[in-house]
Amino acid sequence: MILVLHNVTSTQRLVDTARLAFQNDVMFVVTKVGGTAAQAGVPEASKLAYKLGKPFLVLPDLKDAVDLLSPEKVFLVTNSSQKKLLGEDLKGKAMVVVSGAENGFSKFDLSLGESVRLSDVDVDQNPVVQASLLFYCLRKT
């Protein structure tokens with residue numbers, strides 16, 4: 001599985017999501033990084049990935065990640081979706097994208113894959129919580 005953190009500006013969100021991804025042995029990709037996340041978060045996550053021997057990739061945009069990595073399925077996690085992501089959806093080379101921005105995904109971003117939700121909780125969750133829920137659900141299946 002490939003976990004993508006898209007459109008992030010917070011150093012802490014990037015580093016926390018990276019730690020979670022590296023602990024769960026998935027490829028971690030960051031796209032559309034800005035602000036302090038680009039200045040301090042990417043170097044910190046890169047250092048952590050190197051120490052742990054984990055794959056880490058930084059790309060300009062989500063479309064670049066989809067084109068370069070060629071996943072079989074792309075899932076964008078958003079609470080506005082009615083479809084729940086199931087463990088069996090992640091068989092094969094699946095890409096799961098969480099948004100690092102408060103306003104979620106753009107229409108263009110949503111056109112790159114299928115929008116899904118992780119739980120029945122209707123409150124917005126930050127990407128660290130979404131990734132945690134994802135890994136928890138995968139372990140239960």
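Predicted model: local features only at pLDDT ≥ 70, side-chain atom pairs only at ≥ 80, totals over all residues.
Biologist: Is S81 buried or exposed?
Modeller: S81 sits in the loop between β4 and β5, where strands (E, at least two residues) and helices (H or I, at least four) are DSSP runs numbered from the N terminus. The cut-offs are under 20% relative accessible area for buried, over 50% for exposed and partly exposed in between, with a 1.4 Å probe and protein chains only. The relative accessible area of S81 is 5%, so the word is buried.

Biologist: And how far is the side chain of S81 from the backbone oxygen of S115?
Modeller: We want a polar contact, a pair of N or O atoms within 3.5 Å; within protein, one must be able to donate a hydrogen and the other to accept it, and residues adjacent in sequence count only if both atoms are side-chain atoms. The side chain of S81 reaches that S115 oxygen at 2.9 Å.

Biologist: What is the strand order in the open sheet?
Modeller: Strands of a sheet pair through backbone hydrogen bonds, either parallel or antiparallel. Two strands count as paired if DSSP finds at least two bridges between them. This sheet has 6 strands with parallel pairing, in the order β3-β2-β1-β5-β4-β6.

Biologist: Which strands stand at the edges?
Modeller: An edge strand here has a single partner, so one side of it is left without a neighbour in the sheet. That describes β3 (56-59) and β6 (114-116).

Biologist: How many bridges join β4 to β5?
Modeller: 4 of the 5 residues of β4 are buried, so β4 is largely enclosed by the rest of the structure. On the β6 side, β4 pairs in the parallel sense over 3 bridges, and V77 stands opposite V116. Towards β5, V74 stands opposite M95, and the number of bridges is 4.

Biologist: Which residues touch the most other members of the largest nonpolar core?
Modeller: A nonpolar core is a set of buried Ala, Val, Leu, Ile, Met, Phe, Trp, Tyr and Cys residues joined through side-chain atoms within 4.5 Å. The largest one has 29 residues, and the ones touching the most other members are L3, L14, F28 and L85.

Biologist: What angle lies between the planes of F28 and F56?
Modeller: Rings of Phe, Tyr and Trp (its six-membered ring) pair if their centres lie within 6.5 Å; planes under 30 degrees apart are stacked, over 60 edge-to-face and the rest tilted. F22 and F28 are edge-to-face, 6.0 Å centre to centre with 90° between the planes. F28 and F56 are both buried, and F22, F28 and F56 form one aromatic cluster. The F28 and F56 pair is stacked, at 5.7 Å centre to centre, and the angle between its planes is 20°.

Biologist: Last one: how far apart are the C-alpha atoms of S10 and G41?
Modeller: S10 is in the loop between β1 and α1, and its relative accessible area is 25%, so it is partly exposed. A polar atom of its side chain lies 3.4 Å from the backbone nitrogen of Q12, and one lies 3.2 Å from that of R13. S10 and G41 are 31 residues apart along the chain, and their C-alpha atoms are separated by 7.5 Å.

Terms used
Residues numbered from 1 in each chain as written. Heavy atoms only, no water.
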